Amino acid sequence: MRGLHADTGYLLYRLGLRSGQLFNASLQESGLRLRHYALLRFLATSEGAPQRELSTSLGYDPSAIVGLVDDLERLGFAERRPSPDDRRSRIVVLTEAGRVFLRDTDEAGSRVAGELLRPLDTEERDVLHALLLRVAESGLG
């Protein structure tokens, strides 16, 4: 019988958990968690998005998105605005304060990745990233 570390899926799961723990610890002072950060990062790459698009793109339950956006609005990092395409609809957009927060947390993200990937040299990290990106682009929808 194979051991757990022979199972790639299990290794990815455990590394994902550890990465989340480290990142959440780095965000603890701000009161935010990795889910908030991911939503902010997504918004930084768009001109705004409806909540249902955020749910689909991030793989979060729609009810979780509502709470996350509420939290980010309270902090002034995101806001709901009327959609330019449909006045009945609202989109979530990143605010300037949200952009500043993301810039300030870039270093924390680098530290977390550095700690998690410490056993790998720079070239190996680049290869791992490229491979994970390829899998994510074809497998996450």
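**Overall architecture**

The structure is a predicted model. Its protein chain contains six helices and two strands. Read from the N terminus, the order of these elements is α-α-α-α-β-β-α-α. The C-alpha trace of the chain extends over about 55 × 30 × 25 Å along its principal axes. The chain has 141 residues, and 27% of them count as buried.

**The largest pocket**

For the largest pocket, the computed volume is about 1,800 Å³. Its lining comprises 38 residues. Those nearest the centre of the pocket are Gly 16, Ser 19, Leu 34, His 129 and Leu 132.

Which helices each supply at least two residues of this lining? They are α1 (8-27), α2 (34-44), α3 (51-58), α5 (96-116) and α6 (122-139). Helix α1 gives the most, contributing ten residues to the lining. Sorted by class, the lining of the largest pocket holds 22 nonpolar, eleven polar and five charged residues.

**A nonpolar surface patch**

Leu 132, already named among the residues nearest the pocket centre, also belongs to a nonpolar patch on the surface, together with Leu 12 and Leu 128. The accessible area of these three residues together is about 240 Å². Leu 128 is located in helix α6. Is Leu 128 buried, exposed or partly exposed? Leu 128 counts as partly exposed because its relative accessibility is 30%, and this class lies between under 20% for buried and over 50% for exposed.

**Salt bridges**

As a general principle, side chains of opposite charge can pair when their charged atoms come close. Across the whole structure, a search finds nine salt bridges.

| Salt bridge | Closest N and O atoms |
|---|---|
| Arg 41 with Asp 106 | 2.2 Å |
| Glu 73 with Arg 80 | 2.5 Å |
| Arg 81 with Glu 79 | 2.4 Å |

The salt bridge between Arg 41 and Asp 106 links distant parts of the chain, as Arg 41 lies in helix α2 and Asp 106 in helix α5, 65 residues apart. Arg 41 counts as partly exposed, with a relative accessibility of 30%. Asp 106 is also partly exposed, at a relative accessible area of 37%.

In the pair formed by Glu 73 and Arg 80, Glu 73 is partly exposed, with a relative accessible area of 30%. Arg 80, by contrast, counts as buried because its relative accessibility is 18%, and the limit for buried is under 20%.

Arg 81, which forms a salt bridge with Glu 79, is partly exposed at a relative accessible area of 38%. Glu 79 counts as partly exposed as well, at 28% relative accessibility. Salt bridges with shared partners also join Asp 70, Glu 73 and Arg 80 into one network.

Notes: Residues numbered from 1 in each chain as written. Predicted model: local features only at pLDDT ≥ 70, side-chain atom pairs only at ≥ 80, totals over all residues. Heavy atoms only, no water. 1 Å grid on protein atoms, 1.4 Å probe; cavity = no way out; pocket = protein on both sides within 12 Å on 5 of 7 lines; lining within 4 Å. Points joined across faces, edges and corners; volume = space filled by probe spheres on them. Helix = DSSP H or I, 4+ residues; strand = E, 2+ residues; numbered from the N terminus. Nonpolar A, V, L, I, M, F, W, Y, C, P; charged D, E, K, R; others polar. Patch = residues over 30% accessible without salt bridge, like charges linked within 9 Å, V, L, I, M, F, W, Y side chains within 5 Å. Areas by Shrake-Rupley, 256 points an atom, 1.4 Å probe, with all protein chains shown as cover. Salt bridge = Lys/Arg side-chain N within 4 Å of Asp/Glu carboxyl O. Buried < 20%, exposed > 50% of the residue type's maximum accessible area, 1.4 Å probe, protein only.
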